[in-house]
Amino acid sequence: MRTTIHDIQKLKRRGERIPMLTAYDYTSARLAEQAGLPMVLVGDSLGMVMQGHNSTVPVTLDQMVYHTQMVVRGTTQALVVADLPFLSYTSTEQAIHAAARLMQEGGAQAVKLEGGAAIMPTVRRLVELGIPVMGHLGFTPQSVHQIGLRVQGKTSNAARQLVEDALALDDAGVFAIVLELIPIQLAAAITERVHAATIGIGAGAGCDGQVQVWHDLLGVLTDFLPRHARRYANLADVISGAIGQYAADVRASTFPTSENASAMNDDDLREALDGIAHASEPASV
Ligand code: KIV
């Protein structure tokens, strides 16, 4: 049985912390689930870590559907949440269409969208239609060109706005809210005031859960580690080391060996090659 949004809310009520990680394909999703994560996010951060863009803005709905399908195939237990990409929810009708694609074609069990007051009628309608929704407040990466990559909610006015947005999302029926890059005390205060599970990233330990990006956590891309991340492995070194060793073995003819392929009967081969010259020899007439 897959984790449900009710299981996630039960974890909040019981005060049990909720670990979440992004996953973008079959293999990463399978590994995340095997490690016991109750929930994975098909984040549009795939625009950066999978596609090599410098923001999430170029990611399309078709691409989100494609990655969601792979993640869903890699899981049987985890709740799969998929991001509605940039400008795919400019109206309620458009959001319903995009969420339907992520759930019906992609197989996601929930969708996430970024924003506060402006998207509230849309969130409310999605929830009314039976679509589990995760909100996303604070630093909202799809707006990076407008707000810049910086901590949000540091002044009392901005903090008040974020609390009001969180309360409104809660009232609209979201089951969880990502709080990204907001002050620790503000995230804790929001967490105490909403029924939805708060999932922090760069928002401190007072949230109900945490979400991290696969590549940051595992050290797959090493050029940059955001302050909010901790590297639990250095897979880049492990992977490059393994590939380098493979290349050296091929060059030295120590891979493959007879164990890596099957042989055939010499007579059968001779018969098969009868009359066929080596490429380097002139063909006989
Ligand atoms: O796209 C993403 O990976 C996200 C997380 C950083 C929360 O939205």
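**Strands, cores and a ligand site in a predicted model**

Q9 is found in helix α1, which spans residues 5-14. The model described here is predicted. With a relative accessible area of 18%, Q9 falls under the 20% cut-off and is therefore buried. Beyond its neighbours within four places in sequence, Q9 is in contact with V174, F175, H195 and A196.

Strand β3 covers residues 79-83. Five of its five residues are buried, and the strand is thus mostly covered. In a regular strand, side chains alternate between the two faces of the sheet. In β3 both faces are covered. L79, V81 and D83 lie on one side, and V80 and A82 lie on the other. Each of these five residues is buried.

Strand β3 pairs with two strands. Strand β2 (residues 39-42) is joined to β3 by four bridges, and the two run parallel. Here V42 stands opposite A82 of β3. Strand β4 (residues 110-112) also pairs with β3 in the parallel sense, over three bridges. In this pair V81 stands opposite A110 of β4.

V42 belongs to the range of β2, and A110 to that of β4. V80 and V220 are 140 residues apart in sequence, and their C-alpha atoms are 22 Å apart in space.

Strand β8 (residues 209-212) also has parallel partners. Four bridges join β8 to strand β1 (residues 18-22). The bridge partner of M20 in β8 is V211. Two bridges join β8 to strand β7 (residues 197-201), again in parallel. In that pairing, I199 has G209 of β8 as its bridge partner.

Attention now turns to the nonpolar cores. In soluble globular proteins, nonpolar side chains tend to be buried together. The largest nonpolar core in this model has 56 residues. Within this core, L179 and I190 touch the most other members. Helix α8 (residues 156-172) gives the most to the core, with six residues. I190 can be followed in detail. Apart from its neighbours within four places in sequence, I190 is in contact with L162, V163, A166, L179, I182 and T198. A second core of 17 residues is separate, and its members include L41, L79, A197 and V211.

A ligand is also present. The residues that surround the ligand are T22, L41, G43, D44, S45, D83, K112, H136, V178, I201 and V211. L41 and V211 are among the members of the second core. D83 is one of the buried residues of β3. An N or O atom in the side chain of S45 is 2.5 Å from a ligand oxygen. For K112, the corresponding distance is 2.9 Å. For D83, a polar side-chain atom lies 3.2 Å from an oxygen atom of the ligand. Taken alone, the ligand exposes 250 Å², and the protein buries 96% of that area.

Some backbone features remain. Most residues other than glycine have a negative phi, and most peptide bonds are trans. L87 has a positive phi, near 60°, and is not a glycine. L87 is found in the loop between β3 and α5 (92-105). Its relative accessible area is 52%, over the 50% cut-off, so L87 is exposed. S253 also has a positive phi, near 55°, in a residue other than glycine. S253 lies in the loop between α11 and α12. At 61% relative accessibility, S253 counts as exposed. P256 is found in the loop between α11 (235-251) and α12 (266-273). The peptide bond from F255 to P256 is cis, with omega near 0°.

Note on methods. Residues numbered from 1 in each chain as written. Predicted model: local features only at pLDDT ≥ 70, side-chain atom pairs only at ≥ 80, totals over all residues. Heavy atoms only, no water. Core = buried A, V, L, I, M, F, W, Y, C linked by side-chain atoms within 4.5 Å. Buried < 20%, exposed > 50% of the residue type's maximum accessible area, 1.4 Å probe, protein only. Contact = heavy atoms within 4.5 Å. Near = heavy atom within 4 Å. Polar contact = N/O pair within 3.5 Å; in protein donor to acceptor, adjacent residues only side chain to side chain. Areas by Shrake-Rupley, 256 points an atom, 1.4 Å probe, with all protein chains shown as cover. Pairing = 2+ DSSP bridges.
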